[in-house]
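Hello,

Here is the structure I promised to pass on. My notes follow below it.

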Amino acid sequence: EALSDAIQAREKIYGLSSTDPVAPTTTTTDIGARLNAKSAGRTFGVYLPTAATDFPEAAWAGSQLALTPGSNDWDFKRANGVTVSKLSPTQITNLKNKSWNYYIAKGGVNIFQNGDMFDKKPIDVQVGKDWIKARLQEGIYFRIINSLKIPMTDAGLVIVENEIRAVMSLAESNGLIDRGWSIQTPSVLSIPETLRAQRAAGVFVIRARLQGSVRSVSINFYLSV
């Protein structure tokens with residue numbers, strides 16, 4: 001729990017696993033229940049009776065982190081070397097309620113289920129948000145250090161905007177965000193003089209919708225003769 005708290009304050013992601021037999025029950029003393037109650041958004045956990053030897057969180061992360069952020073959902077994914085859990089419907093419900101992930105056989109395929117952090121949000125969303133922030137920082141910093149200067153003018157702010165556009169365009173092509181995103185670039189005279197004196201370029205506003213993924217499908221089927 002202390003490690004999860006430390007990770008929450010950093011731009012990192014922490015994966016854990018547990019063999020605690022209390023996890024698939026309604027008891028709330030297991031680490032998953034504690035982290036779920038705290039909405040630990042940078043920690044994910046896998047319940048597995050053989051976790052001490054299988055290290056399912058490592059197998060799962062190893063199969064997903066090599067992929068381009070935006071191209072994958074961690075739910076419904078297979079792994080090598082992970083033992084399948086045999087869980088009852090009630091146990092699965094209890095695990096879901098605590099935001100635990102688990103590895104089961106479903107439809108004849110062994111897969112991880114849920115794909116969420118302990119705040120009930122998809123793991124891939126946090127990975128994607130971190131990716132966008134890192135690429136924006138890199139792009140703008142690269143432009144600053146490789147320019148004699150970026151002028152505090154409308155044209156200079158467009159230089160920054162173009163770096164943002166490059167990142168957002170890549171995020172769209174990677175499947176991280178949907179089409180229709182926008183960037184609001186401040187005009188230089190809209191930036192308070194005190195900020196301009198500090199050579200701070202005001203606030204650029206990006207609006208985008210995460211593309212997300214499909215995890216369930218409902219069908220109304222009407223058949224007549």
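At what angle do the axes of helix 6 and helix 7 cross? Roughly 145°, and the axes come within 9 Å. Helix 6 covers residues 123–145 and helix 7 covers residues 154–173. The crossing is right-handed. Please keep in mind that this is a predicted model.

On the helix 6 side, the contact is made by Trp-131, Ile-132, Arg-135, Leu-136, Gly-139, Ile-140 and Arg-143. Helix 7 brings Ile-159, Val-160, Glu-163, Ile-164, Val-167, Met-168, Leu-170 and Ala-171. By class, that contact has 11 nonpolar, 1 polar and 3 charged residues.

Now the chain as a whole. It has 8 helices and 6 strands. From the N terminus, the order of elements is α-β-α-β-α-α-α-β-β-α-α-β-α-β. The radius of gyration is 22 Å, well over the 17 Å that the globule rule gives for 225 residues, so the chain is more spread out than a compact globule. Along the principal axes, the C-alpha atoms fill a box of roughly 65 × 60 × 30 Å. Of the 225 residues, 36% count as buried. Take the contacts between residues at least 6 apart in sequence: 66% of them join residues at least 24 apart.

Next, the strands. Strand 2 (residues 43–47) and strand 3 (residues 101–106) run parallel, joined by 2 bridges. Val-46 has Asn-101 of strand 3 as its bridge partner. Strand 3 also pairs with strand 4 (residues 109–113). Those two run antiparallel, with 5 bridges between them. Lys-106 stands opposite Val-109 of strand 4. The hairpin of strand 3 and strand 4 has 2 residues between the strands, and Gly-107 takes a positive phi near 60° there.

Is Asn-114 buried or exposed? Its relative accessible area is 14%, under the 20% cut-off, so Asn-114 counts as buried. Leaving aside residues up to four places away in sequence, Asn-114 touches Asp-75, Lys-96, Trp-100, Asn-101, Tyr-102 and Arg-215. Asn-101, one of these, is also the bridge partner of Val-46.

Best wishes

Note on methods. Residues numbered from 1 in each chain as written. Predicted model: local features only at pLDDT ≥ 70, side-chain atom pairs only at ≥ 80, totals over all residues. Heavy atoms only, no water. Axes fitted to C-alpha atoms, helices over the stretch in contact; angles between N-to-C directions. Helix = DSSP H or I, 4+ residues; strand = E, 2+ residues; numbered from the N terminus. Left-handed = near helix turned anticlockwise from the far one by under 90°. Contact = heavy atoms within 4.5 Å. Nonpolar A, V, L, I, M, F, W, Y, C, P; charged D, E, K, R; others polar. Pairing = 2+ DSSP bridges. Buried < 20%, exposed > 50% of the residue type's maximum accessible area, 1.4 Å probe, protein only. Rg over C-alpha atoms; globule rule 2.2 N^0.38 Å.
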